[in-house]
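Trainee: I would like a close look at one part of this model. Please take the charged side chains and walk me through them.

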Amino acid sequence: MPDAEFEDLLARAAEAGARRALANVGLDGEEAALDIRDLRSLLDCIRLVRRTAMQTAVRMITTGVMLGLLAGIALKLKIFGSSP
């Protein structure tokens, strides 16, 4: 079998396999490109939510630690009156 014919056969087999794989996951048809764009957009949103949630958690922990330190300093310096 000549190399050119083998390459053509290989390319057709790869294309048929890719079409079959896309059909198996439901990404075939006219709106497949739109579906893939929507999936990518959804993944971007999930990543944004995950990053924002992590930033919020870090900020809350930092704020809690800072408030605890300030409360400790206030008690140590007896800013809110004398302790019993």
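What follows is a tour of the salt bridges, then of a charged patch.

Mentor: Keep in mind that this is a predicted model. Start with the count. The structure holds 3 salt bridges. Take them in order along the chain.

Begin in helix α1, which covers residues 3-24. Here the side chains of Asp8 and Arg12 form a salt bridge, with 3.4 Å from N to O. Look at the spacing. Asp8 and Arg12 are 4 residues apart in helix α1, so about one helical turn separates them. Asp8 has a relative accessible area of 42%, so it is partly exposed.

Stay in helix α1 for the next pair. Arg19 and Glu15 meet through their side chains in a salt bridge, at 2.9 Å from N to O. Both residues lie in helix α1. They are 4 residues apart, about one turn of the helix. Glu15 has a relative accessible area of 43%, so Glu15 is partly exposed.

Move on to helix α2, residues 32-76. Arg47 pairs with Asp44 in a salt bridge, and their closest N and O atoms are 3.4 Å apart. Both sit in helix α2. The spacing is 3 residues, again given as about one turn of the helix. Arg47 is partly exposed because its relative accessibility is 46%. Asp44 is partly exposed too, because its relative accessibility is 46%.

Next, the patch. Which residues form the negative surface patch? They are Glu30, Glu31, Asp35 and Asp38. Patch members have no salt bridge, by the rule used here. Pick out Asp35. This residue is found in helix α2. Its relative accessibility is 30%, so Asp35 counts as partly exposed.

One more stop in helix α2: Gln55 lies there. Gln55 has 40% relative accessibility, so it counts as partly exposed.

To recap the pairs: Asp8 meets Arg12, Arg19 meets Glu15, and Arg47 meets Asp44. The patch is a separate item, made of Glu30, Glu31, Asp35 and Asp38.

Notes
Residues are numbered from 1 along each chain as its sequence is written. This is a predicted model: local features need pLDDT of at least 70, side-chain atom pairs count only at pLDDT 80 or more; totals for chains, interfaces and linings use all residues. Side-chain values use heavy atoms; hydrogens and water are left out. Patches are made of residues with over 30% relative accessible area and no salt bridge: like charges are joined within 9 Å, nonpolar side chains (Val, Leu, Ile, Met, Phe, Trp, Tyr) within 5 Å. Accessible areas come from the Shrake-Rupley method with a 1.4 Å probe; for residues, only the protein chains shown count as cover. A salt bridge is a side-chain nitrogen of Lys or Arg within 4 Å of a carboxyl oxygen of Asp or Glu. Lys and Arg count as positive and Asp and Glu as negative; His and the chain ends are not counted. The place of a charge is taken as NZ of Lys, CZ of Arg, CG of Asp or CD of Glu. Helices (H or I, at least four residues) and strands (E, at least two) are DSSP runs, numbered from the N terminus. Buried means under 20% relative accessible area, exposed over 50%, partly exposed in between (1.4 Å probe, protein chains only).
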